[in-house]
Amino acid sequence: MRKANEEAVRRLMSADPVLVDCRPAHEVLPGLSRNTFLHAGPPIAFEDMCPPMQGAVYCAMMNEGFAETPEEAREKALAGVVTFEPCHGYGAVGPMTGLTTWSMPMWVVEDRNTHRRSFANLSEGVGVGLRFGDYSPETLKRLTWLAEVFAPVMSKILREMGGIDLAPMMAQGLAMGDELHMRNHAGTALFVKNYGWRIAAAAPEHAEEILKFIGVGHDQFFLNIAMAANKLAADMADGVPGSSLVTAIARNGVEVGIRISGLPGRWFTGPAPEVKGLYFPGFTAADANRDIGDSAIMETGGFGGCAMATAPAIVKFLGADGVHVARETTDAMYRITLAEHPRYQIPALDFRGVPCGIDCAKVVETGITPVLNTAIASNRAGQKMVGAGMSVLPMEPFAKALLALAEELGI
Amino acid sequence: MIIKNIVQKNSYYDSATLMLLSSQVAKEVGPDGDAAVMMGSDMNREILEKSGLLADEGRAAGPNDLIFAFRAATEAEADAAYAAAQETLNSRSAKMRSEENVMAHSVEEAAERAEGAKMAVVSLPGQYAAREVKKLLKADCHVLLFSDNVSLQDEIALKKLAVERGLLMMGPDCGTAVVNGVGLGFANTLRRGPIGIAAGSGTGLQEVMTLIHNYGGGISQALGTGGRDLSGAVGGLMMEQCIRLLAEDPKTEIVVVISKPPEKPVADRMMAQLSGIGKPAVVCFLGGDQEEVIGNIHVVRTLEDTACEALALAGVAGNPLKAAYESLPDIAETCRAKLTDGQKYVRGLFCGGTLAYEAMLILSDKLGGIHSNISHDPDLLIAGTDASVAHTVLDLGDDAFTVGRPHPMIEPALRAERLVQEALDPETAVVLIDVETGYGSHEDPAGVAAEEIAEARKKLAEAGRDVVFVCSVCGSVDDFQGYAAQEDKLRSVGAVVLESNAQASTLAALIAR
Amino acid sequence: MEKKLFDEPMTVINLGLPGFFDSVKGQGAPCIHVDWKLPAGGDVRLLEILDRLHEMEEAEQNA
């Protein structure tokens, strides 16, 4: 297993992600049909989905023209008009509900050497949120704008410049105090700083609205791009026989599921954790849904909770009681990971690489489970974000995965 | 009364810490209440169920969850006890955190950070200890394995690994060692000197090394092997290693070995090894039948004789231990005057297992069959929780007493109930007890014993009679509890205090005869 | 193969009772306390798997 894990983590760290395009899902996700709805986390039936996930389904139904109203959307969903599958099965990831359908534009990230591709949907910005299960007219309007205005401009500039190297951007984000999961201030700013002129040059008529969309109040813009990059790394590490490296952590709001390299395609699940955090004014823990989203792909790649020591500014936002929490969290993650990523370093730790490549066996041995930095969705459909915090994963999925791997290895 | 359980998920604490905490917290819930703080393993939940302390919350707990269980008069009382328990636990973990540089998360990390020679003390639950000891040995750490409940198979494997790597693996069930002057486990403050000791028993080692210290001798190293080492199955693997290290140690001039008589092939091997070390040796076969000198080896039968022999070989002259016996018959006579006709039996209640064993042997010599929970004679063997029969010696460290409770050396209050019960038995003449001081032991063991004795004597006075309480303090005159102060506390409640367990046992026999 | 112990500078590593850590510290000797946690939550099957994996790793290394 040592050799298998060495190989898996070597592959994980060998990813050289380049953002190459921004195209509608049906063009780039192999085998996606009009009535396939992708969602975050492990598989789940519509009836079992949490309210925000169901809200997102209504939104996507209306966006794709399956229904006019949320009520009609609900009936159609219950009648089985569409089928539901995890994003992860399509090489894709989506934050929070992760709802991804036919017409929605996707970031396309490609490995420079192998040309393998991964995908993520687009961050919708502030005040709206399919990702939180909102289905207001504003959210629907934003989805249309993203598909018709924003994505074509992005596609154009990306093709013009032959792609954006993401590794240096992510590394610089770490150096500038982002952990890249709940804090992407630097990555987002770098995007505008480096490529704003290209947007202005390529689409002068839309430059103002696009730059305002990315630049104002939309601090998590870069997250989805970084998620696609980490999905790429995780998929490259997948499928090494005998490896206990974790290649996916994803929550659907009811369950959290993980996948390991040695057993590709299989989910090992447990209850999605409750998130401990800070709530926006007017909300309390009673309003919170359980942990949700594919964004834990960031921790899978060594960011988020793993890299928290580089982002002391984040602790207040997440409701943690001091900067020591950031340091302790990263320290703990070093104890359950296989390597330190040479390209992604934490200056405050004397440029030590982020803890990278969570090892399911180490998790079980130490009793330390990954810690995720995350947003908190409302536990009602049709709402938006209610807070942010940290979630500690249950041991159950890791124990199940190790048992299955042992069976595979005949132990 | 109400039963209340509070479960703290995913919090590990070791069982001994929790046992101590339980006994502290139990004081918060009144005389009819009870309290226990335990990890939610199957066995612990069963213990709680049997004690009538388990509620549904606790039933649902897993092995990684901490259960606070209370039986209290009111909800408020239970809550107050819970708050007290939390405070103790938190102050402990806060203190450990503030000393972060001394905390490691794993054996590997600790071994990497430790400078110089590495000596590990392991007191984890027995079923998990072997795993960690294996890691320690592979990281070139010497080990004192305090835990019991380690399988024979694991013991043999670990000792073989240790010998292969040139390491000590003292234990399992090794309570005491003093290495380079540092006391490990239950140990005492000692002067360094030329006497090196290897022992198969913990309190036996403590008794010998403290007697040596108290009468002017010094200790180079004091090592333990665990009680099972000299069995046929283990074959004295660690004793051989210890003797070899002491033989090679230039600071050790006299080698002392303490154990119960081993099986013959093991004893023969050991004697052969000792005969070739080129240094004088003292061997105490506790309960053996011979006292002789074979070449460089002096064979003796009691712990006190062992200390005297070692002192003599080290050239420390004039120790008064032996002379003290001359005055014992007179003391016995005086004591006997306090007794009435029906009072004829000795009841020994011991915290130290080897001291119980030594007492049993000395009393047997003088009084005949002694009933005990550690007797090798099936006719004399009684369960620890049974009522005493005629002359009885009990080892209170026995599992029957300690399941779910701290060892009586840590928490001597365990003895209180039994002490009063034995004292009030109209046939009891002498209650014989031990008090251990030193690192790891209770901070005021004689104070606890004195309170018990005072309580018993008050009740005896109401019944119009008295009992003789005979004891010895197993400890160094330099232990932090204060040796003289400890003796004074016992004398102040009318107990007769002697300088060794052997003397105390002899006096008890003289009184009862 | 001898790992020198007697009269060498020595660090004590404590696993288990914090009281033993305190007493070693109290004697002025260097001591590191291991914050030990029940491995694999005490699950016997998982422990067996972990041990077996460690053995396999050792065999791999020695091969």
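A:Phe351 is exposed (12 or fewer other C-beta atoms within 10 Å of its own, C-beta atoms being placed from the backbone), because 10 other C-beta atoms lie within 10 Å. A:Phe351 is found in the loop between β13 (337–346) and β14 (352–358) of chain A. Helices (H or I, at least four residues) and strands (E, at least two) are DSSP runs, numbered from the N terminus.

This is a predicted model: local features need pLDDT of at least 70, side-chain atom pairs count only at pLDDT 80 or more, and totals for chains, interfaces and linings use all residues. Residues are numbered from 1 along each chain as its sequence is written, while chains are lettered from A and ligands numbered from 1 in the order in which they are written.

| Residue | Phi | Location |
|---|---|---|
| C:Asp7 | about 60° | segment before β1 of chain C |

C:Asp7 is partly exposed, with 16 other C-beta atoms within 10 Å. Partly exposed falls between the exposed cut-off and the buried one (20 or more within 10 Å).

In chain B, helix α2 spans residues 42–50. B:Asn44, B:Arg45 and B:Leu48 are its buried residues. They sit on the same side of α2(B), because they cover an arc of only 100° around the axis. That arc is taken over the directions from the helix axis to the C-beta atoms. On the other side, B:Asp42, B:Met43, B:Glu46 and B:Lys50 are exposed. The cover over the buried residues includes β2 (34–39), α3 (56–59) and β3 (66–72) of chain B. Just after α2(B), B:Gly52 takes a positive phi of about 65°.

Chain B also holds a cis peptide bond, from B:Gly171 to B:Pro172, with omega near 5°. B:Pro172 lies in the loop between β7 (169–170) and β8 (176–179) of chain B.

Next, the interface. In contact with 53 residues of chain B are 37 residues of chain C. Contact means C-beta atoms, placed from the backbone, within 7 Å. On the chain C side, β1 (10–15), α1 (18–26) and β2 (31–34) each supply at least two residues. The largest share, six residues, comes from β1(C). This side divides into 20 nonpolar, nine polar and eight charged residues. Ala, Val, Leu, Ile, Met, Phe, Trp, Tyr, Cys and Pro count as nonpolar, Asp, Glu, Lys and Arg as charged, and the others, Gly among them, as polar.

Methods: Contact = placed C-beta atoms within 7 Å.
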